[in-house]
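Trainee: I am new to this structure. Please show me how to read its features.

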Amino acid sequence: MTSKRKYIISIGIITLLIIAYYIVNLILFTGIKLESKFINENGFQANYFVKDKVQNKASIILIGGGQWGDYWAKEFAKKEMVGLSLPYTRKEGFPELPEEIKLEYFENAIKWLKKQKEVNPTKIVVMGASRNAELALVIASIFPESISGVIAYAPSSVSWSNTVLPYNSNELKPSWKYKGKDIPYVPMNKISGNDSGKIKMIEYWNKGLTKIDMVNKAFIKVENINGPIILFSGNDDLVWPSSIMADMIEERLKEKSFNHSFQNVKYKNAGHLISSNPEATSNYRTGLITIEGKKYEYEFGGTNKGDSKAKKDAKIKLMEYLKKI
């Protein structure tokens, strides 16, 4: 074979590969780039997910950001919505510890979001899991004129002190502040270790809920939320009593004659991890926590099958909820 013929064949193969690439790309392209747009302005930082040419759509703020926030923000963008994955600690320029977090930070993000052409300013939802669900409910209750709904996985009914996290400072402080004032909280001693290598997290939080007077003062004013609320929890959550606290929220909303729709969705055989990626299966059932320099194992609760079933069903219900915003 002559060198000229080899050259022609090589060019032909390259041309076919290029054509094939563009055909496949045209078929598979969903309109959303793999990379998010990084926002660092107006006093906040976040990853912004949205398809091209989207305008005036519902947006969801993922409180806490990270891999969890990026996953969900991208899922919402695929559905012609807008996702803002919003961290607030442990990045450059952020507080090192989740204590005395200023709600003005989230207010800045909301104000910026409302000005984007892709966003319908009357349809902004906040979403969080675990303590970020606590924060999401607090934010929606403080800014009812801007937030149109809440999605909370493994929620809390009250605000807790900074001392519930063993790596926070020892001085008792609020977790959240607004306009220089503390968001009322349940004061807690730091969790104590023991002689074994395991610890039951649920007992710590259940004890906190027995402080009736403090709980009443620290109860999140969920009745102020100006939009529908959906809560997801596992009946076998062994990290904290999310199902009990979800019931507490439901009871308060009934007492206060809440004017919007409310769903309290609870799953059997599901634990604390039901907010994680529904498409991914996790085989780990325990986590590690460091208390006074010693590592302890704790259980998340639920089963692999129970969590997987709950996550998939919750995602369906979540998307149905967003269609009604």
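Mentor: We will go through salt bridges, ring pairs, backbone angles and surface charge.
Mentor: This is a predicted model, where local features need pLDDT of at least 70, side-chain atom pairs count only at pLDDT 80 or more, and totals for chains, interfaces and linings use all residues. Residues are numbered from 1 along each chain as its sequence is written, and side-chain values use heavy atoms, with hydrogens and water left out.

Trainee: How many salt bridges does the structure hold?
Mentor: A salt bridge is a side-chain nitrogen of Lys or Arg within 4 Å of a carboxyl oxygen of Asp or Glu. The structure holds 13 of them. Take E75 and K78: their closest N and O atoms are 3.2 Å apart. Both lie in helix α2 (residues 66-78), 3 residues apart, about one turn of the helix. Helices (H or I, at least four residues) and strands (E, at least two) are DSSP runs, numbered from the N terminus.

Trainee: Where do E250 and K254 lie?
Mentor: They sit in helix α7 (residues 242-255), 4 residues apart, so about one helical turn separates them. E250 is partly exposed at 23% relative accessibility. K254 is exposed at 61%.

Trainee: What does K315 form with E279?
Mentor: K315 forms a salt bridge with E279, the closest N and O atoms being 3.2 Å apart. K315 lies in helix α8 (residues 304-323) and E279 in the loop between β11 and β12, so the pair ties together parts that are 36 residues apart in sequence. K315 is buried at 12% relative accessible area, whereas E279 is exposed at 52%. Shared partners join E75, K78, E279 and K315 into one salt-bridge network.

Trainee: How many aromatic pairs are there?
Mentor: Rings of Phe, Tyr and Trp (its six-membered ring) pair if their centres lie within 6.5 Å; planes under 30 degrees apart count as stacked, over 60 as edge-to-face and the rest as tilted. By this rule there are 16 aromatic pairs. Y71 and W72 have ring centres 5.1 Å apart and planes at 75°, so this pair is edge-to-face. Y71 is buried at 16% relative accessible area, and W72 is buried at 0%. F143 and Y178 also pair edge-to-face: 5.2 Å centre to centre, 90° between the planes. That pair links distant parts of the chain, 35 residues apart: F143 is in the loop between α4 (131-142) and β7 (149-153), and Y178 is in strand β8 (residues 176-178). Ring pairs also link Y71, W72, F76, Y153 and F232 into a cluster.

Trainee: What is the phi of N56?
Mentor: Most residues other than glycine have a negative phi. N56 is not a glycine, yet its phi is positive, about 55°. N56 lies in the loop between β2 (44-49) and β3 (57-63). N269 has a positive phi of about 60° and is not a glycine either. N269 lies in the loop between β11 (262-267) and β12 (286-291).

Trainee: Which residues gather in a patch of positive charge?
Mentor: Patches are made of residues with over 30% relative accessible area and no salt bridge: like charges are joined within 9 Å, nonpolar side chains (Val, Leu, Ile, Met, Phe, Trp, Tyr) within 5 Å. Lys and Arg count as positive and Asp and Glu as negative; His and the chain ends are not counted. On the surface here, K111, K114, K115, K179 and K181 gather in such a positive patch. K181 lies in strand β9 (residues 181-182) and is exposed, at 63% relative accessible area.

Definitions and conventions. Areas by Shrake-Rupley, 256 points an atom, 1.4 Å probe, with all protein chains shown as cover. Charge placed at Lys NZ, Arg CZ, Asp CG, Glu CD. Buried < 20%, exposed > 50% of the residue type's maximum accessible area, 1.4 Å probe, protein only.
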